[in-house]
Amino acid sequence: MEDNISQWKRKNDQYLQSIKAKIQALKKHQAPSTYCYFTYSIHFSHDPAHESMLIGSFHIYNHQMEPFRNPYICLKLKEASILRFSGKYVYKDSTMKMRMPGAWERMNEKSDKEEFWLKPIEVNQIEPGNLLSFNNFQMKWSPQENYTESMKGFTYGDGFENGIPSLNQIHVSGTNVREGEG
């Protein structure tokens, strides 16, 4: 009888080891636990004589157990957008880098009005449990006609070359008050 108990105990130990190995394998293949999202506030004007404005921030939260290295972001407007984007960023050859704490560097061409590829100047990694933000960007627009606009956000970094899409997007739409008059 003792031999049966020993065999049962050995099989049980093997079974538990197999379960532990499968759990470890699942943990390695889980979705990334780094999240990004927008927060923003909007002032709408449906009169083309006045501008509408959005002030927003894009946040990256590292919920991983290790640092998120070499973070950068892409903020993307829809094609032929009426939104005019501005924020606290500089270009590679700018002399303003040292005088703008918290600034980001724009990595793509000034002429591109639809995609804004940005990396933080002072930060190389986001420590576990920490947040990195591109703060207080602005979008302005004057509605000359009815409109529907959007902005998408993506985060990139070492090991995340395909990007992490933001949990939310920015959508604004409106009707020109003079459009229906005739």
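**Close-up views of a predicted model**

View 1. At 24% relative accessibility, Y72 is partly exposed (between the cut-offs for buried, under 20% relative accessible area, and exposed, over 50%; 1.4 Å probe, protein chains only). Y156, at 11%, is buried. This is a predicted model, in which local features need pLDDT of at least 70 and side-chain atom pairs count only at pLDDT 80 or more, while totals for chains, interfaces and linings use all residues. Residues are numbered from 1 along each chain as its sequence is written, and side-chain values use heavy atoms, with hydrogens and water left out.

**View 2. W104 against F134.** The ring centres of W104 and F134 lie 5.5 Å apart with planes at 70°, so the pair is edge-to-face (rings of Phe, Tyr and Trp, the last by its six-membered ring, pair if their centres lie within 6.5 Å; planes under 30 degrees apart are stacked, over 60 edge-to-face, the rest tilted). W104 belongs to strand 7 (residues 104-106) and F134 to strand 10 (residues 131-141), so the pair ties together parts 30 residues apart in sequence (strands are DSSP runs of E, at least two residues, numbered from the N terminus). Both residues, W104 and F134, are buried.

**View 3. S57 in strand 2.** S57 lies in strand 2 (residues 52-62) and is buried at 7% relative accessible area. Its side chain makes a polar contact with the side chain of N135 at 3.3 Å (a pair of N or O atoms within 3.5 Å; within protein, one must be able to donate a hydrogen and the other to accept it, and residues adjacent in sequence count only if both atoms are side-chain atoms).

Conventions:
Helix = DSSP H or I, 4+ residues; strand = E, 2+ residues; numbered from the N terminus.
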